[in-house]
Amino acid sequence: MLYKGLTKIIILDSRFPYKKYMSANKKVLITGNEAMAEAALQAGCRFFAGYPITPQNELIAYMAKRMPKAGGVFIQAESEIAAVNMVFGASAAGFRAITTSSSPGISLKQEGISYMAGAQLPCVIINVMRAGPGLGNITPSQGDYFQATKGGGHGDYNLIVLAPSTVAEAFELTMLAFDLADKYRNPVMILTDAFLGQMAEPIEIKRQRPKNKNFKKDWALTGAKNRKPNVISSLFIKEGVLEEHNKKLQEKYKSVRKKEIRYKSLNLKEADIVFVSYGIVSRIAQEAANILKREGMNIGLFSPVTLWPFPYKQLKQLTADKKAVFVFELSSGQMVQDVEFALDRTLPVYFYGRMGGEVFSEKDIVKFVKKKLTYAGKS
Amino acid sequence: MPEKVNLEFKKPRSLRNVSTHYCPGCGHGIVHRLVTEIVDELEIREKTVAIAPVGCSVIAYDYWDFDVSEAAHGRALAVATAMKRCRPNLVVFTYQGDGDLASIGIAETLYAANRGENLTCIFINNACYGMTGGQMAPTTLIGQKTTTTPWGRDPAKGDGFPLKVSELIANLPGVCYVERVSVSNPQNVIKTKKAIKQAFLNQLEDKGFSLVEILSQCPVIWRMTPQEAVKWVESEMIKTFPLGRIK
């Protein structure tokens with residue numbers, strides 16, 4: 001019942017001096033930004049570089065305090081570009097490294113992201129999305145879906161993109177992100193928004209050492225002692241070599257698509273109509289589904305956790321016998337394109353979204369759904 | 001007893017036995033050799049990590065026999081900062097051209113210097129963008145013709161003045177050592193080697209940020225013979241970029 005959890009058990013690493021910040025075996029109230037920072041530390045991340053931008057400032061402040069105590073490196077960089085390139089350096093040195101920002105800052109980071117994808121360096125990037133384009137404003141948005149899942153930087157590459165919908169999930173997915181990054185030697189992005197970053201939720205803390213996976217990094221730059229020199233590079237000048245490198249990357253992405261797709265679903269068996277949404281919006285959609293259920297409608301919920309790779313097949317299979325699909329986003333309609341691609345015109349797809357940091361309520365969704373269904377019934 | 005002088009000429013251990021892609025008369029080959037000689041002399045090959053720039057020396061890792069990372073254009077000192085902070089026992093140096101260090105990467109340069117990062121920065125100044133075919137660089141001299149200043153660099157037309165990065169960063173308290181040298185004649189090459197060595201020693205002694213600016217001839221882009229090019233360094237370049245220790 002993944003849609004349920006306001007509270008979840010978070011496993012704290014007993015090696016950390018967390019007592020000062022959190023007490024074990026009880027609920028704590030923590031913001032999404034702080035939870036992601038703590039999760040990174042517990043995942044063994046020992047390098048942070050970032051630049052101030054709202055709405056992710058709690059994260060950088062938490063890191064400034066905690067990272068040195070964990071024996072890691074914290075740098076407030078001179079720019080978003082420097083920050084992401086510092087992460088490149090830390091990752092090349094074999095360290096688990098993270099940089100975090102919000103939409104305009106993430107645009108600046110695309111250079112480093114493309115280079116890291118090309119040089120196959122693992123890292124985690126958190127985007128606490130705000131509304132755009134341009135400077136936009138600092139309120140919540142999901143307008144960076146295309147940038148995160150369809151490229152962003154130059155060249156043929158993909159990020160693994162994870163979208164949490166609760167503070168507890170933000171914690172868990174951040175920890176997972178480091179494992180996926182190391183496993184596939186690829187940047188992983190946590191795509192969340194100002195809501196989740198700023199919102200505090202109770203999460204349950206349990207004292208137990210998490211299962212940190214140890215990945216061998218024999219490619220890292222540590223000094224060429226008793227081995228041949230290592231080179232970190234995304235440059236392939238000789239004819240044909242770059243294409244071979246690209247093919248290797250594509251093989252990797254294929255394997256990610258095969259093994260790493262994650263999604264949540266609820267009440268899909270009985271439902272005639274399915275709501276598709278991700279992140280914070282899936283919780284608003286769930287509330288709307290509850291209201292409609294009381295009025296006699298049967299709504300199922302589907303929420304991709306990996307936005308890339310997107311669960312195309314799973315969505316199609318799970319909605320095969322349904323009547324319609326509704327997609328809700330805080331954007332002009334970005335993920336809806338992936339939903340339409342998945343369903344391939346087998347079902348009517350209705351989209352409802354808001355932009356510019358404006359948010360719909362569950363009642364807005366109910367109104368929209370009723371209107372569309374009445375219209376569909378008449379035609 | 002006089003000190004025994006080793007007169008045997010051989011390739012440094014840290015320099016790979018391959019021919020380079022550099023143009024005839026280019027200064028990179030000399031500086032590559034000097035850097036590797038120093039890495040050998042200080043016996044730090046096994047803990048050295050170099051950050052190669054974007055520019056003519058982008059594939060320096062094909063010539064150096066130690067760990068090397070690329071960096072996006074201008075970002076070498078950001079990459080080096082993280083590398084050194086994560087692994088303080090490594091000896092980390094960047095090798096950057098003028099476009100890389102002084103134009104697109106000027107922020108990274110100023111801030112690494114201002115933080116006093118314990119790094120060694122080898123800065124090659126050839127007064128132009130070499131790899132892209134000779135455009136105006138921040139260090140292009142006034143009046144110097146390039147593909148983007150076809151009538152010569154003219155500050156009155158908005159081309160700006162030659163940027164003196166060494167003088168600029170020497171003012172920063174985090175910077176411990178700045179020297180400008182050239183590889184235009186054997187005497188200057190010896191001075192250059194001494195300066196590079198000092199910059200590495202500073203890092204080994206945790207002294208902070210060291211930068212060695214090396215005026216380097218670029219005959220092909222300057223449309224000169226190698227002989228004319230070294231003369232131009234000595235007669236023209238040093239007027240704008242005087243040699244010597246700045247800090």
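# Exercises on helices and buried residues

B:Met237 lies in helix H8 (residues 226-240) of chain B, where helices (H or I, at least four residues) and strands (E, at least two) are DSSP runs numbered from the N terminus. This is a predicted model, in which local features need pLDDT of at least 70, side-chain atom pairs count only at pLDDT 80 or more, and totals for chains, interfaces and linings use all residues. Residues are numbered from 1 along each chain as its sequence is written, chains are lettered from A and ligands numbered from 1 in the order in which they are written, and side-chain values use heavy atoms, with hydrogens and water left out.

## Exercise 1

Decide whether B:Met237 is buried or exposed, and list what it touches.

Solution. Begin with the cut-offs: buried means under 20% relative accessible area, exposed over 50%, and partly exposed in between (1.4 Å probe, protein chains only). B:Met237 has a relative accessible area of 0%, and therefore it is buried. Next come the contacts, meaning heavy atoms within 4.5 Å. Leaving aside residues up to four places away in sequence, B:Met237 touches B:Asn125, B:Asn126, B:Ala127, B:Leu141, B:Leu215, B:Trp222 and B:Trp232. Finally, B:Met237 and B:Lys164 are 73 residues apart in sequence and 12 Å apart in space, C-alpha to C-alpha.

## Exercise 2

Solution. B:Ala195 and B:Ile122 stand 10.0 Å apart, C-alpha to C-alpha, and 73 residues apart in sequence.

## Exercise 3

Describe how helix H1 (residues 28-41) of chain B crosses H6(B).

Solution. Axes are lines fitted to C-alpha atoms, for helices over the stretch in contact, and angles run from 0 to 180 degrees between N-to-C directions. The axes of H1(B) and H6(B) come within 10 Å and cross at roughly 50 degrees. This makes H1(B) oblique to H6(B), given that angles under 35 degrees count as roughly parallel, over 145 as roughly antiparallel, 65 to 115 as roughly perpendicular and the rest as oblique. By class, the contact of H1(B) with H6(B) has eight nonpolar, one polar and four charged residues, where Ala, Val, Leu, Ile, Met, Phe, Trp, Tyr, Cys and Pro count as nonpolar, Asp, Glu, Lys and Arg as charged, and the others, Gly among them, as polar.

## Exercise 4

Describe the crossing of helix H1 (residues 32-42) of chain A with helix H6 (residues 167-184) of chain A.

Solution. The two axes come within 8 Å and cross at roughly 30 degrees. That makes H1(A) roughly parallel to H6(A). H1(A) passes H6(A) in a right-handed crossing. The residues of this contact divide into nine nonpolar, three polar and one charged.

## Exercise 5

How many residues of helix H2 (residues 76-86) of chain B are buried?

Solution. The count is 10 of the 11 residues, so H2(B) is largely enclosed by the rest of the structure. The buried residues include B:Ala76, B:Met83, B:Lys84 and B:Cys86.

Technical notes:
Left-handed = near helix turned anticlockwise from the far one by under 90°.
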